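New notebook page, new structure. I'm jotting down what I looked up, in the order I went.

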Amino acid sequence: STSSGFDGVSYVVERHLVYRDVGKGHNRSHVGRSTRLMGPLLLGPNGSIGENCLVKRSVLGPNCTICDECQVVDSHFWGNVTVEKGAKINGAVICEDAVIKSGAVIESGCVIGRGCVVGEGVVLKEFTRITLAEEADDDDDYSGFGDSEDEDSSSSEDEDDDDSDSSDEDEDDSVDDKESSDGDKFNTAVDTKGLAPSCSNISDKLVTDHEIVGNDGLGRVWIPSPPEDYDSDDDEDEESGKEKAIELMKSGSIGYDMTLIYRKWQKIQVEDDDLFSEEGMDSDDEDDLMDMDDDGLFNNGVGNSSMLASSHLDDDGMHVVGRQKGVDVVRELRDICLEHETSSPVENLRIELNSFKFSQNATYGDCCKGAIMAVMDKIFEQSENTSSGKLVTSLRKMLEYWGPLFKSICMGSEEEKAIIHALETMALGGGKAATVLGTEPAFRFVLQTLHDREIVNEDAIFDWAKERKEEGNDSPRGQLFYQKPTQDFLEWLEEDSSEDDSDGDDDGSDEDSE
């Protein structure tokens, strides 16, 4: 199928979601035979990509040249960008006429301004901004990267007649004018059109941070100005203002971890006097505050901070978009499974779980947790005295009906680990479930049964074991993990997996000899 792109260029969707110009009225982009393209990806017209390159999840504008053995991932190129042999660019914005020289590495969140050059072998740290714009005076808000109304108004007031005449004469360079709201002012600093090939001739006119961009580089590091409300006479306030401006700049960059902002906001909320005032706090709020850990996240009372009491937050403490506040999705999914009649097809239950999952933007991992908890609850309800042996027998019988459900909602190791995490939560909680599952060797028997029935595979178990080994045996989860029966099962599982691998190698060598 063909779709219309910018400037009247038409594109066709090829394999792996690669959008490539159709080549009408111009040269079609060239791609080396040994280069890997992984979409979603857009290749602009008149471009060229060499051999043995990796280009993934990026946008390449017109007339871009990528030489051999380069890597471009999660990045956005404007027009006329040149990337020389062996360069690596990950999560960056590269503006018009910029050059990335051989072996350079551009890390996540960087922005390389129009006409800038990153020197050979240079490693540009994440969130670095490189520009050719002149550094603004204290009274000048122009930054070279800004697009605010304040910058527009201040720059327009400061423009002189010569700048206006220059913009009238250079109407053909309207693209440059559009890219900077202070287009005339930018162009008075340096004529960026065709800059890359002739940068050595004008480098004496520009301030270049050679320790950052290399001896053969061109451009200075741009640092955002502190906010207007900081006190320039107070050194501490000025330093705080600069840090705030830099953090704000980073937050708008590719690759920034937004959980950092949320955690800071959450910490401020906790420290707010109003939160701790008796007037604005009921008993439920007090319980929630008692459950907060050192990071400002909620735990479940057993040292498991990943199980959030505030269920509208995810495991990183971020608000889950589309989830109703106060709804405990795992509990609701568990109740749905408990209310399901086993006389009806299990497919009906899967549809019901899916519907709730979409309504609360839950995950299949949440569904797996709710389902395994419901299964264990049903087992404990059916028998007053549940020994480890009876527990395994009942679980096997239950899985004859529930097994197909788990296989349909377990999409991979993450969902299978969610099942193990749910069992840990029950074993470390309260009531009959904790008494039975927390007593050796019940947890090991349940884990082994789920593995035997191919509900949880060894990869998920090994990943879970690795997490617990890093945690140590001081926590309740660590003590449960280091029970001897569980360790014996893990040791057996590792040996069995090693034997399977060796058998596979022997079979392969036999085939080769034949």
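Below are my entries, from the whole chain down to single side chains.

**Ground rules.** This is a predicted model, where local features need pLDDT of at least 70 and side-chain atom pairs count only at pLDDT 80 or more, while totals for chains, interfaces and linings use all residues. Residues are numbered from 1 along each chain as its sequence is written, and side-chain values use heavy atoms, with hydrogens and water left out.

**Whole chain.** I found 20 helices and 22 strands in the protein chain; these are DSSP runs numbered from the N terminus, with helices being H or I of at least four residues and strands E of at least two. Of the 514 residues, 43% are buried (under 20% relative accessible area; exposed is over 50%, partly exposed in between, with a 1.4 Å probe and protein chains only).

**Aromatic pairs.** How many aromatic pairs does the structure hold? I count five. Rings of Phe, Tyr and Trp (its six-membered ring) pair if their centres lie within 6.5 Å; planes under 30 degrees apart are stacked, over 60 edge-to-face, and the rest tilted. Y401 and W402 have ring centres 5.8 Å apart and planes at 75°, so I noted them as edge-to-face. W402 is buried, because its relative accessibility is 0%.

Next I looked at F443 and W464, a tilted pair with 6.0 Å from centre to centre and 40° between the planes. That pair ties together distant parts of the chain: F443 belongs to helix α17 (residues 442-452) and W464 to helix α18 (residues 458-471), 21 residues apart. I checked burial too: F443 and W464 are both buried.

**A lysine over rings.** I then turned to K357. It lies over the face of F358, 4.0 Å from the ring centre, and its charged end also sits over the ring of Y364, at 4.4 Å from the centre. My test for a charge over a ring: NZ of Lys or CZ of Arg within 6 Å of the ring centre and within 35 degrees of the ring normal.

**One serine.** Is S58 buried or exposed? S58 is buried, since its relative accessible area is 2%. I located S58 in the loop between β8 (54-56) and β9 (59-60). Its side chain reaches the backbone oxygen of K56 at 2.8 Å, and a polar atom of that side chain lies 3.2 Å from the backbone nitrogen of D74. Beyond neighbours within four places in sequence, S58 is in contact (heavy atoms within 4.5 Å) with residues including P40, L41, V72 and D74.

Technical notes: A polar contact is a pair of N or O atoms within 3.5 Å; within protein, one must be able to donate a hydrogen and the other to accept it, and residues adjacent in sequence count only if both atoms are side-chain atoms.
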